[in-house]
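I wrote down each thing as I looked it up.

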Amino acid sequence: MSMDRRQFLKITGISSILGLGASVASATHPIWMPGVDPDLVSPNAQALTAKRWGMAVDMTKFRSEADIKRVVEACHSIHNVPDFGNNPDGTKNIKDEIKWIWKAKFKQAFPEQATELNEHLEEAPFLVFCNHCDNPACVRVCPTKATFKRDDGAVMMDMHRCIGCRFCMAACPYGARSFNWRDPRPFIKKEKQNRKYPTRTKGVVEKCTFCTERLAVGQMPACVEKAPPGGLVFGDLDDPKSAIRRLVSTRYTIRRKPELGTGPNIYYVIGGR
Amino acid sequence: MLEKALVGSKRYWMWMGLLAALSVVGFAFYLKQFTYGLGLTGLSRDVSWGLYIGQFTFLVGVAASAVMLVIPYYLHDFKKFGKIVILGEFLAISAVLMCMLFIMADMGQPMRFMNIMLHPTPGSVMFWDFLVLAGYLGLNLLVGWVTLGADKKGIAPPKWIKPFIYLSIPWAISIHTVTAFLYAGLPGRHFWLTAIMAARFLASAFAGGPALLLILALIVRKLTKFDPGKEPIQALAKIVTYAMFANVFFLALEFFTAFYSGIPGHTHAFHYLYHGLEGHTEMVGMMWTSSILAVVALTMLFVPQVRRNEFTLVIACVALFISLWIDKGFGLIIGGFVPNMMEQVRPYWPTFLETMVTVGIWAIGLLVLTALYKIAVSVREETAGVEIDH
Amino acid sequence: MKLYNGGLIITGIVVFLALAFFPFYYNIGKVNAKPEPKLEPAIKMSEKRFGKKQCVEPREFMRREHMVLLNNWRDSVVRDKNRRYSSEASGKTFNMSLQNECMQCHSSKKNFCDKCHTYMAVKPFCWDCHIEPKEKEGSKS
């Protein structure tokens with residue numbers, strides 16, 4: 001099959017003109033790069049879909065450090081996130097560090113709400129990761145649309161397109177983004193490598209993607225699967241009947257730095273039951 | 001006219017040879033960084049921009065400052081600047097070139113550079129910064145070359161160049177405003193999130209750029225038969241003085257807002273830079289050096305006798321230039337990243353490699369600048385005594 | 001008209017031409033075997049899956065356009081949430097994934113991709129990130 005007349009017309013003409021104004025997704029392609037014929041491609045039938053994906057985090061459901069560690073490790077091993085190990089003095093090597101989800105103290109995750117009078121709360125562990133904001137600053141500043149917001153709310157990275165300018169890292173108010181300061185491959189243990197998922201190359205930015213590769217095949221995000229029941233609730237915030245929406249509508253929750261107008265979609269349930 | 005850069009004294013060639021050698025050394029270090037990745041710099045996920053972006057920001061200011069010669073000469077008919085306006089335009093060319101090289105050095109995937117054009121994103125300030133910088137480089141090349149070429153022939157420059165000269169004025173303002181917008185529009189970076197950022201940038205640019213130009217003009221006068229004249233130097237000195245006063249005033253305004261309001265996020269960066277935070281005092285020495293030099297320079301410039309004496313004037317300008325270089329080329333960037341978004345102090349310091357790449361890029365800039373100045377000066381020497389009205 | 005420094009200029013041109021054409025006369029008379037990427041494993045796999053020999057699109061198209069197809073798949077998956085591709089020629093559907101689809105049948109990078117890429121001195125950056133299948137014992141070429 002060569003590129004026949006029909007296909008040629010389709011690619012150069014109709015698809016680009018219609019695509020330009022028709023859908024958000026097509027607007028990510030410049031008109032001179034029409035891409036694949038839209039009639040030939042489709043999402044998986046079993047894919048999980050939503051209008052606005054969000055997550056509720058209830059740290060009271062995490063009974064031990066091990067519960068937290070299991071979640072972090074599940075994410076990092078499934079996504080081939082490298083581990084740069086420790087410094088000679090035993091502290092964590094933060095020079096090249098890459099992380100998608102990690103444990104932070106309350107006073108670090110919510111600095112403007114911390115109070116010295118409640119030492120227990122200040123030091124309490126919280127899982128933090130990308131907030132998949134409604135109005136993401138990282139997407140706004142990216143000069144190549146390498147990071148972009150999908151119509152289901154996930155803030156996604158296109159590692160193929162990222163030029164490594166790190167403007168998004170300066171823009172993100174949550175420190176959710178990591179940069180590949182060097183080739184990550186040697187720091188992904190061979191036996192832990194997930195051969196169904198790519199690694200990254202040096203010089204690109206990465207972060208939590210809400211496990212878009214798992215949503216596409218009908219699976220929940222890896223962290224949700226590995227968390228204790230009710231610890232991480234994932235779902236469609238725009239669906240009034242969803243578990244996450246009912247939880248957020250009825251319980252007291254806080255978000256990280258909502259005053260910045262970024263519209264974070266990760267809700268932290270306060271006061272466990 | 002290019003051939004004028006190819007003939008010169010032994011001293012000229014030794015200087016060019018030194019700069020070429022430094023460029024090669026810098027490039028060799030860059031190749032190492034290119035192969036390994038940016039991990040060879042002192043940067044981390046907490047301080048993700050450093051010396052390279054600082055130098056870029058500082059040099060955009062130097063480039064924009066050419067407008068301080070263009071405005072008086074072309075808009076206010078201040079004839080005295082006739083001889084040195086070309087020095088300003090050529091300084092702008094080499095400064096923009098260095099800006100672009102620093103951006104390239106800072107990119108994680110420099111081979112994908114063209115993605116900025118392939119996937120144009122008008123919502124991104126960096127996209128605009130790229131456009132205005134490229135445009136400014138083109139404008140200055142065009143204007144500088146055409147006016148100098150006319151000078152060489154002893155005729156007035158063609159009429160069609162005038163619109164480009166006038167365009168270069170708002171364009172110069174725009175390059176530094178857009179560069180300030182890189183920082184001033186980011187939620188959560190309190191140190192940068194200030195409406196006065198662009199104004200501060202322009203003030204420091206109009207102080208630092210002309211100060212450098214003044215030093216350069218005096219060096220050129222000492223080494224060649226080209227004499228810019230006493231009056232333009234004094235006029236430049238006055239520009240430097242007023243701009244530096246505005247710059248220090250603006251910085252004081254930042255201090256007031258941060259500390260009178262007492263909002264913790266606004267004060268943290270200042271604490272880190274000028275006093276140290278959680279035991280980390282890496283930046284304190286540099287920042288106080290900058291502050292003291294600023295006060296010294298400004299005091300010297302305010303006293304007419306000191307300003308009129310070219311020897312003391314140069315000392316003041318050097319002090320001022322170093323002060324601004326530290327403040328804008330280094331402190332400004334680091335202050336935005338420390339403490340980080342989780343209010344932890346994760347310090348940054350450039351590595352040896354990073355420093356050598358930086359030296360290399362400055363050497364390339366100086367190499368280009370020397371060649372361009374050589375051309376300008378040779379033309380001027382030939383046409384000495386002939387005054388051409390532009 | 002007089003040519004100044006004629007000797008130097010002509011010597012320069014000759015040296016330049018000699019260098020520029022070095023690859024051509026160096027290779028004169030040498031035999032360069034055409035690359036033959038191994039298709040057998042992929043054919044076997046597709047027979048198992050579809051009951052007949054079946055690639056995504058016809059072989060001629062794939063030979064010429066596979067890089068365009070892969071780039072289009074990449075954008076469609078990463079940016080537009082699509083995962084399924086139905087072949088224009090056969091209507092069969094495929095999972096748009098280099099690691100999890102293409103390389104499942106074309107199970108040796110060494111005997112398939114590298115055969116032509118090495119011959120053509122093309123170095124695609126797919127494998128900087130995507131993990132190639134483990135090469136089986138005895139598949140050395």
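Predicted model: local features only at pLDDT ≥ 70, side-chain atom pairs only at ≥ 80, totals over all residues.

Entry 1: Where does α4(C) bend? I found the bend at C:E65, and its angle is about 75 degrees.

Next I looked at what follows the helix. After α4(C) comes C:K81. Its phi is positive, near 65 degrees.

**Entry 2: the buried part of the helix.** Which residues of α4(C) are buried? I listed C:N72, C:W73, C:D75, C:S76, C:V77, C:V78, C:R79 and C:D80. Then I checked what covers them. The cover includes β1 of chain C. It also includes β1 and β5 (147–149) of chain A.

**Entry 3: chain A meets chain C.** I turned to the contact between these two chains. It joins 25 residues of chain A to 25 residues of chain C. I sorted the chain A side by class: 10 nonpolar, 10 polar and 5 charged residues.

Strands pair here too. Strand β1 of chain A (residues 41–42) is joined by 2 bridges to strand β1 of chain C (residues 84–86). The two strands run antiparallel. What is the bridge partner of A:V41 in β1(C)? I noted C:Y85.

**Entry 4: chain A meets chain B.** There are 2 pairs of chains in contact, and chains A and B share the most contacts. Chain A gives 41 residues to this contact, and chain B gives 33. On the chain A side, α5 (137–141), α6 (167–171) and β7 (178–179) each supply at least two residues. The largest share, 4 residues, comes from α6(A). By class, I noted 21 nonpolar, 9 polar and 11 charged residues on the side of chain A that touches chain B.

I also checked chain B against chain C. No contact joins them. Their closest C-alpha atoms lie 12 Å apart.

**Entry 5: one loop residue.** Last, I picked A:A227. It is found in the loop between α8 (222–226) and β9 (232–236) of chain A. Is A:A227 buried or exposed? I put it down as buried, because 24 other C-beta atoms lie within 10 Å and the cut-off for buried is 20 or more.

Then I looked at its surroundings. A:A227 touches A:V71 and A:L232, leaving out residues up to four places away in sequence. A:A227 and A:R70 are 157 residues apart in sequence. In space, C-alpha to C-alpha, A:A227 and A:R70 are 7.6 Å apart.

Notes. Residues numbered from 1 in each chain as written. Chains lettered and ligands numbered in written order. Contact = placed C-beta atoms within 7 Å. Nonpolar A, V, L, I, M, F, W, Y, C, P; charged D, E, K, R; others polar. Pairing = 2+ DSSP bridges. Bend = angle between axes of the 7 residues up to and from the residue. Buried ≥ 20, exposed ≤ 12 C-beta atoms within 10 Å, placed from the backbone.
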